[in-house]
Amino acid sequence: MDLTLRPYRSVLYIPGSKDRALDKARGLPVDAIIFDLEDAVSPGEKPAARETLAAALAQGGYGKRSKIVRINGLETEWGEADAKAANDMDCDAVLLPKVESPEQLDALARLTDKPLWAMMETPKGMLNAAAIGAHPQLMGMVMGTNDLAKELNSRFRADRLPMMASLGLCLLAAKATGCVIVDGVYNAFKDDAGLKAECDQGRDMGFDGKTLIHPAQVEIANAAFAPTEAEVELAKRQIAAFEEAEKAGQGVAVVDGKIVENLHVATAQSVLAKAEAIAALGE
Ligand SMILES: CC(C)(COP(=O)(O)OP(=O)(O)OC[C@H]1O[C@@H](n2cnc3c(N)ncnc32)[C@H](O)[C@@H]1OP(=O)(O)O)[C@@H](O)C(=O)NCCC(=O)NCCSC(=O)C[C@H](O)C(=O)O
Ligand SMILES: [Mg+2]
């Protein structure tokens with residue numbers, strides 16, 4: 001599958017220390033999994049979690065889900081061993097927490113050949129987002145809105161106004177370089193309405209998907225970040241109308257009272273490609 005088309009609607013964190021959750025994820029309809037060795041694992045459990053996770057990945061059963069291992073920071077006592085271990089695991093990428101500079105990714109790239117992902121979750125990381133996004137081995141960014149709220153001393157607001165500058169900077173950086181970018185977690189995992197609102201906001205802004213902490217959140221994220229039936233139908237009509245206009249020697253078509261130009265056709269084609277990529281996950 002073309003990596004740029006790969007769906008990342010739902011990206012579930014699973015503590016690398018929890019056998020039961022590691023097993024349960026094999027049957028969950030998530031697009032990607034972040035196997036966590038960092039914050040979801042207590043210091044005393046970390047070396048054992050590395051072993052537990054390596055064994056679960058070796059056992060397999062995660063199908064087409066993208067498998068991303070979040071290691072501890074390289075400045076910690078566990079980071080380097082995590083990175084070396086992740087390099088030997090059956091995973092698709094390694095995720096580094098609290099990335100603040102491309103040099104930190106260079107250091108990780110010396111320990112693993114895997115594609116890299118970066119947690120964007122500190123003020124310095126926000127200010128250096130463009131340089132981080134331009135790292136040649138970087139494939140994806142993950143918003144760490146819990147750490148960011150802590151660093152900013154911001155309050156939770158349903159409209160996420162305190163987060164907007166940071167979300168916007170990282171989105172610009174990811175889009176400028178073609179990286180995948182997924183939104184931060186919604187902590188209140190029993191609040192479906194709140195999660196849906198935050199997913200819809202993230203989709204409106206251009207995020208590819210949302211990171212999740214509980215299986216109950218998966219369905220809502222998958223629905224929010226997939227093209228709707230109406231979007232697919234409109235995309236097909238726009239493409240058809242533009243082809244007709246071109247045959248008639250015109251560069252602009254009109255669909256539902258709105259102009260359709262080359263750039264709208266490109267968007268329509270990406271809507272159809274995303275819908276097809278999602279359908280292919282179920283095959
Ligand atoms: C939040 C939880 C601690 C709740 O766990 P639990 O009390 O076990 O929930 P349930 O009893 O409702 O669970 C029902 C079943 O689902 C399984 N389960 C639960 N969570 C997961 C999961 N994440 N992945 C897979 N499976 C999961 C349970 O095992 C139950 O299974 P079964 O018994 O077979 O029915 C827990 O959900 C949890 O630990 N979530 C992950 C928390 C986490 O990863 N946190 C770190 C990432 S968030 C973050 O740090 C982002 C970033 O860095 C930032 O700064 O923002
Ligand atoms: Mg964090």
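In this predicted model, Ile-34 stands opposite Ile-68 in strand 3, and the two elements concerned, strand 2 (residues 32-36) and strand 3, pair in the parallel sense over five bridges. Strand 3 (residues 66-70) is mostly covered, since four of its five residues are buried. Arg-70, which lies in strand 3, is also one of the positions that UniProt, in an unreviewed entry, gives as "binding site". The points below move from these strands to the annotated residues, the ligand shell, the remaining strands and helices, and the domains.

**Arg-70 and its surroundings**

- Arg-70 has 25 other C-beta atoms within 10 Å, and because the threshold for a buried residue is 20 or more, Arg-70 counts as buried.
- Once neighbours within four places in sequence are set aside, the contacts of Arg-70 include Ile-34, Phe-35 and Asp-36, and Leu-37, Glu-38, Leu-95 and Pro-97 are in contact with Arg-70 as well.

**Annotated binding-site positions**

- The unreviewed UniProt entry places one "binding site" feature at Arg-70 and Glu-121; these span 52 residues in sequence, yet no two of their C-alpha atoms are more than 13.8 Å apart, so they gather at one spot.
- Another "binding site" feature in the unreviewed UniProt entry is placed at Glu-121 and Asp-147, and although these positions are spread over 27 residues of sequence, they cluster in space, with a largest C-alpha distance of 5.6 Å.
- Glu-121 is found in the loop that runs between strand 5 (116-120) and helix 5 (123-127), whereas Asp-147 belongs to helix 7 (residues 145-152).
- Is Glu-121 buried or exposed? With 24 C-beta neighbours inside 10 Å, Glu-121 counts as buried, while Asp-147, which has 18 other C-beta atoms within 10 Å, is partly exposed.

**The shell around ligand 1**

- Of the 23 residues around ligand 1, those that come nearest are Tyr-13, Ala-40, Gly-144, Asn-146 and Asp-147, so that Asp-147, a position annotated in the UniProt entry, is also among the residues nearest the ligand because its C-beta atom meets the 6 Å criterion.
- Strand 1 (10-15), helix 1 (19-24) and helix 7 are the elements that give two or more residues to this shell.
- Which element supplies the largest share of the shell around ligand 1? Strand 1 does, with four residues.
- Classified by residue type, the shell around ligand 1 is made up of 12 nonpolar, five polar and six charged residues.

**Strand 7 and its partners**

- Strand 7 (residues 180-183) is covered on both faces, with Val-180 and Val-182 on one side and Ile-181 and Asp-183 on the other, all of them buried; in general, the side chains of a regular strand alternate between the two faces of the sheet.
- On one hand, strand 7 runs parallel to strand 6 (residues 138-143), to which three bridges join it, and Gly-140 has Val-180 as its bridge partner in strand 7.
- On the other hand, strand 7 also runs parallel to strand 8 (residues 209-212), here with two bridges, and Val-182 stands opposite Gly-209 in strand 8.

- Gln-104, in helix 4 (residues 102-109), counts as buried, with 22 C-beta neighbours inside 10 Å.
- Leu-74, Leu-96 and Val-99 are touched by Gln-104 when residues up to four places away in sequence are not counted, and the C-alpha atoms of Gln-104 and Ile-132, which are 28 residues apart along the chain, are separated by 9.1 Å.
- In helix 10 (residues 218-225), the residues Ile-220, Ala-221, Asn-222, Ala-224 and Phe-225 are buried, and the buried residues of this helix pack against strand 1, helix 9 (192-205) and strand 8.

**Domains**

- The domain assignment divides the protein chain into domain 1 (10-225) and domain 2 (229-281), and the centres of these two domains, taken over C-alpha atoms, are separated by 33 Å.

Methods
Residues numbered from 1 in each chain as written. Chains lettered and ligands numbered in written order. Predicted model: local features only at pLDDT ≥ 70, side-chain atom pairs only at ≥ 80, totals over all residues. UniProt positions renumbered as here; feature names shortened; annotations may be inferred. Buried ≥ 20, exposed ≤ 12 C-beta atoms within 10 Å, placed from the backbone. Domains from an automatic or database assignment. Nonpolar A, V, L, I, M, F, W, Y, C, P; charged D, E, K, R; others polar. Pairing = 2+ DSSP bridges. Contact = placed C-beta atoms within 7 Å.
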